[in-house]
Every structure is written in C-alpha cells, then in structure tokens.
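Biologist: Please show me the model. I would like to go through some of its local features with you.

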Amino acid sequence: MIQKYTCQNGVRIVLETIPTVRSVAIGIWIKTGSRNEDSLNNGISHFLEHMFFKGTTTRSAKEIAESFDRIGGQVNAFTSKEYTCYYAKVLDDHAPYALDVLGDMFFNSTFAEEELKKEKNVVCEEIKMYEDTPDDIVHDILSQAVYEKHPLGYPILGTDKILDTINSETLKQYVYNHYTPDKVVISIAGNVDESFIKLVEGLFGSYEGGTARPELEKPTFHTNKIVRKKDTEQAHLCLGYNGYDVGHENIYSLITLNNVLGGSMSSRLFQNVREEKGLAYSVYSYHTSYQDNGMVVIYGGTGADQVNQLFDTIQETLAELRNDGITGKELDNCKEQLKGSLMLSLESTNSRMSRNGKNELLLGRHRTLDDIVELIDAVSINSVNECIEDIFTDSYAAALLGPQDEWNLE
C-alpha cells in the first residue's frame, strides 16, 4: 500500500512499506532537467547533480562516498530531460542515516571553486566519452531533428563551452529557483513504517523556494532529416515518430505496439532486420513519454553500404503493420510479457521507489497492481491498430551518423 503525505511547504512524500525485505530505497525526485534550461545554461542540471556529491559544510566528497560504503549501501543520481533524482539503497537499519546524508547533500552542498574546477573536467571527459559512442549520440541528433531549438532538443550533458561559464553562484541560484518544494517528491520503498515520514518531513518540510517559473512551452514535432559524418565502422540510423504523452489514455496500447515492433527478440524488427536479413546486430524500438508529448524511436546500426537496405526493411515492416495490424498471438504474448516484467520489477525496492517517485512527480496518481493488470488486459487488437494509424504516418524525423556525407532518408 502506498501512503502519500504533503508537507506544509508543498514537498510530497510517497512511502511504500514492504515488510518482507531488509532494504530501503530512498529517492529525492526534482521536476527539473535539461528541458528547464536555456541556450546559456544547457547542462547545468546534470552538472549540479555531479556537484551535490562534491562536499557539504560538514562532509567532504570523500566522506560522502565513505558514508555509504561503510554501511554497505549504494548512492547515485541521474538527470533526464524532465527530472533529476538522487537516490540511495541501504539496509533498513541504516535508512535514517542515509536520509540524513542525502538531506545534507541537498541543503548544504558548498560548490567549492576547487571542486567545481575538477568536476568540470570530469564532465568534459564524460562528454568526450559520449561523443565516442555513436549509437548513443545518434539519439541526441534525432532529438535535435524533432525539437529543433526547443529545450527538449538540448543534450542533457551540455557543452564544455557552457560548462566554463558556470560558477558557484550560478549553481546556488539554479537550486533556489528550480529545486522548489512544489517540484520535489521524496519516494521511499522498503522495510520502514509511516514513522519514517516524520523524519523526512523534519528535513524537507519547511524550506522555501525561489521565484515562480513560467509554464513549459509545448514543443512542435518537426520532420527534419539530419546526417552527420563521423569516422565510424557502422552507420547508425534513428527514425522518430510523434508519440503519446505520459498520461495518454492509450499509453498501454502503445507500450504493447512497441513490444510487437521492436521491444524484444521476437519482435518484428528483430526478426526481419537481424534474423532474416542479417543487416544489424542491434535493432530495436522504444517510446519516450514527456509531460505533454512523446516520441517513438526506431534504431538500427549497420555497415555504410547497407543503410538503404536497413531503411527499406524498416519501412517494409511498418507498412506491413499499417496494412495488416498485429495478430492475436502477438497481442497475447505481449500482455503476458508486460505482466511478467511488472511482477518481476516488484521484487526490487529500487524499482518500486522509482515507479512511485515518477508517478507522483509526473502524474500525481498511483495505480494498484490490479489496476495496471486490468489496463493491460483491456488492450485490444483494435486499440493497438489505432496507435499504428496515429503514429506510423509518413511524417517522421531521421538522424544518421556514419562515415559518409549524405544519404537519402526518404
């Protein structure tokens, strides 16, 4: 059972007590990410995430790391387009201590200039490493093609030039204006009871935030085609189609469709592209949902001389979906796969904490396991075929990264 509590300042606490485990996962979720940035500070959300680990008024960076190592716990963080999360997983006996350290990082990070300088170099190396991973970069290029100058098209890591302009005061001001109580959810899952809510409230229930921010601008889906030359062994192709937002009523039908298309080894893309034609080692599809829009992405990596054949095979697979829809067998298999994945995820306190945190942050609601199973069971061939008709039109964006100057992506 999930318990919700809203502090006086607007911070929301979500607790799922699981008495059958000995671990506790704690996550601080903030509804701010690269989408909340502009062209002058792109990358600050991710850099700030790094700096929260680099020392507080009472703990050095090494002491923060040692705090979790010496209790056998795990601590980490990540930044996405629309939110940032700092989280820890520890034994239940150490949950209050872990919460205290996370709170110290959240409120008392110093952003010392010496640490700033070192961490800028670390993030620059991270950007270089990312640039050396073409099968990752091509997804960022696709976002640029789809969203153009909208912040959803920005890279989460930012650039080294923008990093140079960030200082301690910039970070403090960003925290003050974006890490406001109304945008914060503390999600806990594991072997703790409702008394833990009082501990969380004691730390997070009274701080104040900064200035009000304007509403997010809804992006337009653009059908640009971008080709970038890079000295790679393979060519990496991404196609993007306009999808559904995170709260869309037909989202489970789309999840089912994605599984049929490219979400597993038995999917149509995997079978057609890899198993039958041997065109790619890696080929798949996925759906990304944002607060007010979404995108279905198809990815494949192949030799430069086979790009046209890969592209044609993907289009043939989509044309077959549009013409014939999915089969009853595919529908039944996908439903069982989705329910199986859901059940397996319930065995992890981290997964439960993450699901509850995201649901509260983005949707403000929590469905029971029975509710979700009911929604999956309600997916029909007709509802999936509606998604196919909605999404796989002739309007798509494309990104190609490889060793040649140009390709025809029409």
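Modeller: First a definition: buried means under 20% relative accessible area, exposed over 50%, and partly exposed in between, with a 1.4 Å probe and protein chains only. The model is predicted, so local features need pLDDT of at least 70 and side-chain atom pairs pLDDT 80 or more, while totals for chains, interfaces and linings use all residues. Residues are numbered from 1 along each chain as its sequence is written, and side-chain values use heavy atoms, without hydrogens and water.

Biologist: Is glutamate 148 buried, exposed or partly exposed?

Modeller: Glutamate 148 sits in the loop between helix H5 (134-147) and helix H6 (160-164); helices here are DSSP runs (H or I) of at least four residues and strands (E) of at least two, numbered from the N terminus. Its phi is near 50°, a positive value in a residue other than glycine. Most residues other than glycine have a negative phi. With a relative accessibility of 38%, glutamate 148 is partly exposed.

Biologist: What is the relative accessible area of phenylalanine 111?

Modeller: Phenylalanine 111 lies in the loop between helix H3 (95-108) and helix H4 (113-131). Its phi is positive too, near 55°. The residue counts as buried, and its relative accessible area is 5%.

Biologist: Which residue in E5 is the bridge partner of isoleucine 26?

Modeller: Strand E3 (residues 23-30) pairs with strand E5 (residues 84-91) in the antiparallel sense over eight bridges; pairing requires at least two DSSP bridges between two strands. The E5 partner of isoleucine 26 is alanine 88.
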